[in-house]
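Here is a note for a colleague who is opening this structure for the first time. Please read the points below with the sequence and the view side by side.

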Amino acid sequence: MRWENLTEGPAGPAALFGADAVVTRTIDTPEFRGITFHEVRARSIVNRVPGASRMPFEWTVNPYRGCSHACVYCFARKTHSYLDLDTGLGFDSQIVVKTNAPELLRRELAAPRWTGAHIAMGTNVDCYQRAEGRYRLMPGIIEALRDRANPFSILTKGTLILRDLPLLREAAEVTDVGISVSVGFTDAALWRTAEPGTPSPAARLNAVRTLTDAGIECGVLMAPVIPFLGDSPAQLRDTVRAVAESGATSVTPLVLHLRPGAREWFTAWLGEHHPHLVERYERMYAGGAYAPTWYQRMITRQVHELAAEFGIGPARRGAARRIAGPDGPDGPAPAGATQLTLL
């Protein structure tokens, strides 16, 4: 592996970690068999989102690179090429762990230049992937955000988030906390091949129920809706119904997009499991990474109609993601609070 483009040297202070700060571990237990961890001491942890990004937030924290969820469509696969790791199996099994993330975040939040902007997590790779069960970085990260009353959001496919439920409740008492769980479909056969390292869709929706029962509003990002495999009217109906039954406060659909890195890996998977669809995908994504606008609008309309039928709606801009305070769910927000949504 080549680390020099991320370590100290000509890059100076801009490097992400020191050249002598990489420790590689292979752990031979059933849970982590086949996975290699590269433990690093990062130089910074709060990252600005590029201005050209479509993301509705400006700052992120990503304690991991690579993801054992092994989702065949993951748009973050390309980032592994920066380390000379392949964007296929390497992304799934070579996990970079920023072991000093909690202490580094405390320092960056306390800096005079930091103004308390919203921080999004889980938007690149999942911060509650299996590695989190070993390294336990998120409790320290949430504590740092809680102690500074800094608003944040988490997007995850990992049920491990329930471990940190007490901390999330504490944070939600002092700032805006947005939680979204990603469930693009409920088809078990599709899940087993397309998202082999994730908890099942049913387990994720059970986590939504647990969060909402605990007083923490939780939305569902219905992502990705996979063309020709998870987009039939019956499949969309089954998924939205299950989301509604989980107690989710919102459902927001997002159609599959295939960026470089992800596109090649997904196409190989498609050729192995659904070869009859390869040509249809070539036509649908001939214009680039995104499905045609007409298709995206069709899926969005169908999901929103189903959500209205089942009594939930899309994520509302400005809707609060907070547990009820002492004044009840409709009581006043703390002075200076900003109502935020993940999407």
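Is R136 buried, partly exposed or exposed?

1. The model is predicted, so local features are described only where pLDDT is at least 70 and side-chain atom pairs only at pLDDT 80 or more, whereas totals for chains, interfaces and linings use all residues. Residues are numbered from 1 along each chain as its sequence is written, and side-chain values use heavy atoms, with hydrogens and water left out.

2. As an overall picture, the protein has 11 helices and 11 strands, where helices (H or I, at least four residues) and strands (E, at least two) are DSSP runs numbered from the N terminus. Of its 343 residues, 52% count as buried; buried means under 20% relative accessible area, exposed means over 50%, and partly exposed lies in between, with a 1.4 Å probe and protein chains only. Among contacts with a separation of 6 or more, 75% come from residues 24 or more positions apart, a contact being heavy atoms within 4.5 Å.

3. Helix α8 can be read in the same way: with 13 residues, α8 reaches 18 Å from its first C-alpha to its last, close to the 18 Å expected at 1.5 Å a residue. The buried residues of α8 are L236, T239, V240, V243 and A244. They cover an arc of only 135 degrees around the axis, which puts them on the same side of α8. Among the elements that cover them are α7 (201–213), β10, β11 and α11, and α8 is followed by G247, which has a positive phi near 90 degrees.

4. How do α8 and α11 meet, and at roughly what angle do their axes cross? The axes come within 9 Å and cross at roughly 45 degrees, where axes are lines fitted to C-alpha atoms, for helices over the stretch in contact, and angles run from 0 to 180 degrees between N-to-C directions. The two helices α8 and α11 are therefore oblique to each other, since angles under 35 degrees count as roughly parallel, over 145 as roughly antiparallel, 65 to 115 as roughly perpendicular and the rest as oblique. On the α8 side of the meeting are L236, R237, V240, R241 and A244, and on the α11 side are I299, Q302, V303, L306, A307, E309 and F310.

5. In helix α2 (residues 101–110), the buried residues are A101, P102, L104, L105, E108 and L109. They cover an arc of only 160 degrees around the axis, which puts them on the same side of α2. Their cover includes β2 (36–42), β3 (46–48), β4 (59–61), β6 (94–98), β7 (119–121) and α4.

6. To return to the opening question, R136 is partly exposed, with a relative accessible area of 48%. R136 is found in the loop between α3 (131–135) and α4 (138–147), and has a positive phi of about 50 degrees although it is not a glycine. F228, in the loop between β10 and α8, also has a positive phi, near 70 degrees, without being a glycine, and is partly exposed at 26%.

Note on methods:
The arc is that of the directions from the helix axis to the C-beta atoms. The expected span of a helix is 1.5 Å times one less than its number of residues.
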